[in-house]
Protein chains: 2
Amino acid sequence: MNEFVRKAEGTALPWSKEEFEARIRAVGAERYHDKHEFHRMLHGGALNKNQVAAWALNRYCYQEAVPRKDAALMSRVYDREFRREWIHRIHDHDGLLPEETGGIERWLKLTDCLGLDRGYVTSMRGALPATRFAVEAYVRFVVEQPLVVAVASSLTELFAPSIHRERIAGMLANYSFVNDDVMAYFKRRLSQAPRDADFALEFVKENARTREAQEACIDAVRFKCDVLWAQLDALYLAYVVGMIPPGAYRPEGT
Amino acid sequence: MNEFVRKAEGTALPWSKEEFEARIRAVGAERYHDKHEFHRMLHGGALNKNQVAAWALNRYCYQEAVPRKDAALMSRVYDREFRREWIHRIHDHDGLLPEETGGIERWLKLTDCLGLDRGYVTSMRGALPATRFAVEAYVRFVVEQPLVVAVASSLTELFAPSIHRERIAGMLANYSFVNDDVMAYFKRRLSQAPRDADFALEFVKENARTREAQEACIDAVRFKCDVLWAQLDALYLAYVVGMIPPGAYRPEGT
């Protein structure tokens with residue numbers, strides 16, 4: 001039983017592709033994490049360096065999980081052309097030999113500049129348990145759901161370029177410890193995410209042929225928004241309210 | 001790769017059974033969720049009825065997951081005697097035909113008396129995403145980990161009777177909407193949990209034969225504490241701080 005997917009009315013006709021896409025995009029307006037208070041603070045310069053470090057440390061877990069998620073999804077796909085397209089996502093995060101270092105390495109440049117030890121970051125020992133639970137729920141989702149629904153869960157990328165633009169501007173303007181070089185991850189995603197998202201959107205529009213499948217895809221986008229939102233909720237409670245759970249990262253002097 | 005289990009020093013000898021047990025019990029003192037502020041408020045009568053309802057609604061997801069977790073664990077066990085013991089846990093939650101209704105049904109008595117619609121509760125649509133992520137991480141843990149480590153994750157039950165005693169007394173004293181009948185779930189667990197925990201503790205002590213396995217078992221108890229703690233963190237942010245995520249239960253009038 002899949003508890004994330006609600007059943008549509010048995011007799012409903014599929015939406016047109018245009019209406020289906022509009023409904024997918026509406027999820028972003030409703031609950032994408034650019035609306036979260038923690039992001040408002042991050043981009044507006046209202047967080048101190050320790051709070052930005054906590055964010056980067058936790059968000060590392062998400063970056064780390066994404067290529068595993070994409071490999072899990074690809075493992076289910078029999079269409080070679082699909083895999084040849086999707087594999088760009090893994091290259092983008094892990095880097096393609098011989099010379100590309102990839103997005104995870106760029107992310108570690110950010111945690112470096114925040115004074116975090118790389119071994120500590122990559123061990124994920126200091127990450128909030130809620131971060132890990134959310135991120136692994138995403139990996140599991142693409143394994144367990146029908147393929148078109150699994151692909152739909154990536155569609156939050158439709159909403160990503162605006163948050164990345166806002167983040168680059170906000171962080172460069174407000175944080176002296178962040179420079180252009182460190183923001184390389186987000187700059188790369190400005191060009192890569194739209195390409196990935198367009199491919200996934202076309203796939204979903206083409207392959208969700210019943211109303212039930214379309215609704216399941218929209219729920220998948222909501223689910224993914226929940227994965228992102230829950231990470232910021234956990235950061236807010238721990239590092240803004242100050243209720244840091246046992247075992248999680250404690251900035252020096254706190 | 002199992003990221004929840006840290007490697008022990010290669011040369012360390014196993015702890016004695018007594019020291020191993022003491023270290024397991026020490027995890028409870030360190031991070032069992034009886035220390036969480038939300039529980040302090042719940043048991044002390046500091047929550048209003050809507051906040052108690054939010055707790056019961058979310059905690060339902062945990063109750064609902066436990067028999068699935070136990071079935072997943074049993075599916076890995078070739079020892080019939082082990083299964084004949086472990087199956088009590090499923091009976092305890094689901095009820096054994098013909099006449100036992102089980103702990104989940106008793107839990108729904110609690111959500112009934114809090115004015116929540118049963119269909120809404122059991123749909124889990126209003127639960128916090130963080131609750132679902134934490135709970136499903138627990139189900140997955142017992143599937144993916146070595147069996148002795150999976151069993152060890154149940155050992156938070158060693159710490160449960162005192163929280164249940166405290167909860168029964170605190171809720172009966174402080175909340176007029178809670179009566180003796182509604183507290184039946186916790187009363188039953190006062191007798192059942194120790195039996196379950198003793199069996200699991202003996203199994204873990206007997207079967208974790210290396211220091212590495214012992215440390216992995218202790219990490220499993222920490223992991224399980226994290227699962228419980230993260231649920232209360234999410235409740236606190238949503239229903240005490242008041243940052244309710246999109247789509248989650250909103251008490252009437254809020």
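Trainee: Is Ala72(A) buried, exposed or partly exposed?

Mentor: This is a predicted model, in which local features need pLDDT of at least 70 and side-chain atom pairs count only at pLDDT 80 or more, while totals for chains, interfaces and linings use all residues. Residues are numbered from 1 along each chain as its sequence is written, with chains lettered from A and ligands numbered from 1 in the order in which they are written. A residue is buried if 20 or more other C-beta atoms, placed from the backbone, lie within 10 Å of its own, exposed if 12 or fewer, and partly exposed in between. Ala72(A) has 18 C-beta neighbours inside 10 Å, so the class is partly exposed.

Trainee: Which residues is Ala72(A) in contact with, leaving aside its neighbours within four places in sequence?

Mentor: Ala72(A) sits in helix H3 (residues 49-74) of chain A; helices are DSSP runs of H or I with at least four residues, numbered from the N terminus. Contact means that the C-beta atoms, placed from the backbone, lie within 7 Å. The residues in contact are Val139(A), Val142(A) and Val143(A).

Trainee: Is Ser176(A) buried or exposed?

Mentor: Ser176(A) belongs to the loop between helix H9 (160-174) and helix H10 (184-207) of chain A. Its C-alpha lies 9.5 Å from that of Lys49(A), 127 residues apart along the chain. With 7 other C-beta atoms within 10 Å, Ser176(A) is exposed.

Trainee: Why do the buried residues of H2(B) line one face of the helix?

Mentor: In helix H2 (residues 37-44) of chain B, the buried residues are Phe38(B), His39(B) and Leu42(B). They pack against helix H3 (49-74) and H11 of chain B. They line one face because, seen down the axis of H2(B), they fall within an arc of 95°, the arc being that of the directions from the helix axis to the C-beta atoms.

Trainee: At what angle do the axes of H5(B) and H10(B) cross?

Mentor: The contact is made by Gly103(B), Arg106(B), Trp107(B), Lys109(B) and Leu110(B) of H5(B) with Ala184(B), Tyr185(B) and Arg188(B) of H10(B). Axes are lines fitted to C-alpha atoms, for helices over the stretch in contact, and angles run from 0 to 180 degrees between N-to-C directions. The two axes come within 8 Å, and the crossing angle is roughly 145°.

Trainee: Which helix gives the most to the side of chain B that touches chain A?

Mentor: The contact between the chains takes 25 residues from chain B and 25 residues from chain A. On the side of chain B, helix H1 (17-31), helix H7 (129-144) and helix H11 (211-241) each supply at least two residues. With nine residues, the largest contributor is H11(B).

Trainee: Which residue of chain B comes closest to the rotation axis?

Mentor: Chain B can be laid on chain A by a turn of 180° and a shift of 0.0 Å along the axis, with an RMSD of 0.0 Å; the superposition is by least squares on the C-alpha atoms of residues with pLDDT of at least 70 in both copies. The copies are therefore related as by a two-fold rotation axis. At 2.6 Å (C-alpha), the closest residue of chain B is Phe133(B).

Trainee: Over which residues of chain A is the pLDDT below 50?

Mentor: The pLDDT is the predictor's confidence in each residue, from 0 to 100. Chain A has a mean pLDDT of 92, and 95% of its residues reach 70 or more. Where pLDDT is low, the predicted coordinates should not be read in detail. In chain A, the stretch below 50 is residues 1-6.

Conventions:
Contact = placed C-beta atoms within 7 Å.
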